[in-house]
Amino acid sequence: MALHNDFRRDWLTNPRAEFLSGLAVALALIPEAIGFSIIAGVDPRVGLYASFSIAVIIAMVGGRPGMISAATAAVAVLVVPLVRDHGVEYLFAATILMGIFQGVAALLRLDLLMRFVSRSVITGFVNALAILIFVAQLPQLTGEAMTLTTYAMVAAGLVIIYGLPRLTTAVPSPLVAIVLLAAVSIGFRIDVFTVGDMGKLPDSVPWFHWPEVPLTWETLRIIAPYSLAMAAVGLLESLLTASIVDDMTETRSDKRRETWGQGLANFVTGFIGGMGGCAMIGQSVINIKSGGRRRLSTFVAGVMLLVLIVALGPWVAQIPMPALVAVMIFVSVSTFRWKSFSETLHHPWPSNVVMIATVVMVVATHDLSIGVLTGVLLSGIFFAWKVRELLTIETRIEGSTRRYVVGGQIFFASVDRLYEAMEFNEAAVDTVIIDVHAAHFWDISATGMLDKIVLRLRREGKAVEVIGLNQASATLVDKYGEHQKPFASLGMVGH
């Protein structure tokens, strides 16, 4: 019964809106897939077949309904040296291995690492992608394409996209903009760049293709580094995009299932002559904004992409690029989190630094993984520093005894403060009590520092007691400490 309900929800809910939304995405996918193929140095059909295959498979097995996955620039840029030095067949083999690596990642539950990506990193990721989407449209607005006609068509497209929803939402405005501008361009023979100018569209459907590479360890040595990088970047972008779509739709997704799905989609795609891919935030935004929420819209996007390029190729080739540029500018504007400007005024400065650093690194390198890893690293550093500052150390002398009362978290970033608070070589003191009932020891850096302090004080001839270790801290000290074994001490453990 639950399976039946899931099927009805994902495939039969509002089919008209889902179909139209998927069609709009399919039209926007065509120039993107061709462009990514050009980046990778392969025939356009490699990117187009990949977009078809990945979208259809992920629609059925992915964990985030409504999200669009296809060939992407993030993966394409990684394989340029592989294609250049070894040929396209090695790319197909690397894509298959990429899928296997992603399947292993799902088995190891690496999707749980998303819990360490802060909100500031996600905001920076979104803003950086919005900037990159806009920058990617500039070649269609500059150089030979910089004509009054081009700008007029882009402006007209934006007017339709933003204006039509004020009148009706029955049909996705991006789809209407593409169809109307294509009709005007074809009908009046307007001289602008078209989809056909980007590359030759295939005229046949993909078939099973075994990569023509030798099955040797040498082949594995060549493709494995590329496959690992593709798998990591693909999962990173897919899981972050899934989180963003979760927020946009106010629903939850299954990140582990999405990881499995991405692996299966790329594994199969390698066997039909396609390149690797992952989730696409731009096309996902188009889908969500056009009314697509379920698996049907993603499935339609993949199927209609193949239908359009194979059955309607000559017509699709005449679609004016300014129409698609208008759609992508709309996506860029919709994706960017404009509220982040005002949030910087009242958010903590470390959060702002993390967000800005993520944006700068992604835009500067065009590498999403570098930007996100930079943000995650900075988030970790700022968090460790904040927790470090929460450590409190009070000390007083009671006759010939010095007592330290320690509170807070003792770990690698705070152990220096503990050591600096200690008084050594005190002639009037013969006993030192270190009370840690309000503290917690987290790692071997903490136990190592406790050893260092205790052993130094004992070398000075002082009697040292460590009291108040909680159960977890005592276990850690007992396992890694050298100065004493808490469970064999005077019964002062676990207070």
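1. Start with isoleucine 329. Setting aside neighbours within four places in sequence, isoleucine 329 is in contact (heavy atoms within 4.5 Å) with Phe134, Leu141, Val154 and Leu158. Isoleucine 329 sits in helix α15; helices here are DSSP runs of H or I, at least four residues, numbered from the N terminus. Isoleucine 329 counts as buried because its relative accessibility is 11%. Buried means under 20% relative accessible area, exposed over 50%, and partly exposed in between, with a 1.4 Å probe and protein chains only.

2. A word on the source. This is a predicted model: local features need pLDDT of at least 70, side-chain atom pairs count only at pLDDT 80 or more, and totals for chains, interfaces and linings use all residues. Residues are numbered from 1 along each chain as its sequence is written, and side-chain values use heavy atoms, leaving out hydrogens and water.

3. Now helix α9. It covers residues 173-187, 15 residues in all. Its first and last C-alpha lie 21 Å apart, close to the 21 Å expected (1.5 Å times one less than the number of residues). Its buried residues include Pro174, Ile178 and Leu181. Among the elements covering the buried residues of α9 are α2 (15-40), α8 (148-167) and α15 (321-335). Arginine 189 follows α9, with a positive phi near 50°.

4. Next, the cores. A nonpolar core is a set of buried Ala, Val, Leu, Ile, Met, Phe, Trp, Tyr and Cys residues joined through side-chain atoms within 4.5 Å. The largest has 103 residues. Ile30, Phe125 and Leu240 are among those touching the most other members. Helix α2 gives the most to this core, 13 residues. A second, separate core has 26 residues, including Val406 and Ile453.

Definitions and conventions: Helix = DSSP H or I, 4+ residues; strand = E, 2+ residues; numbered from the N terminus.
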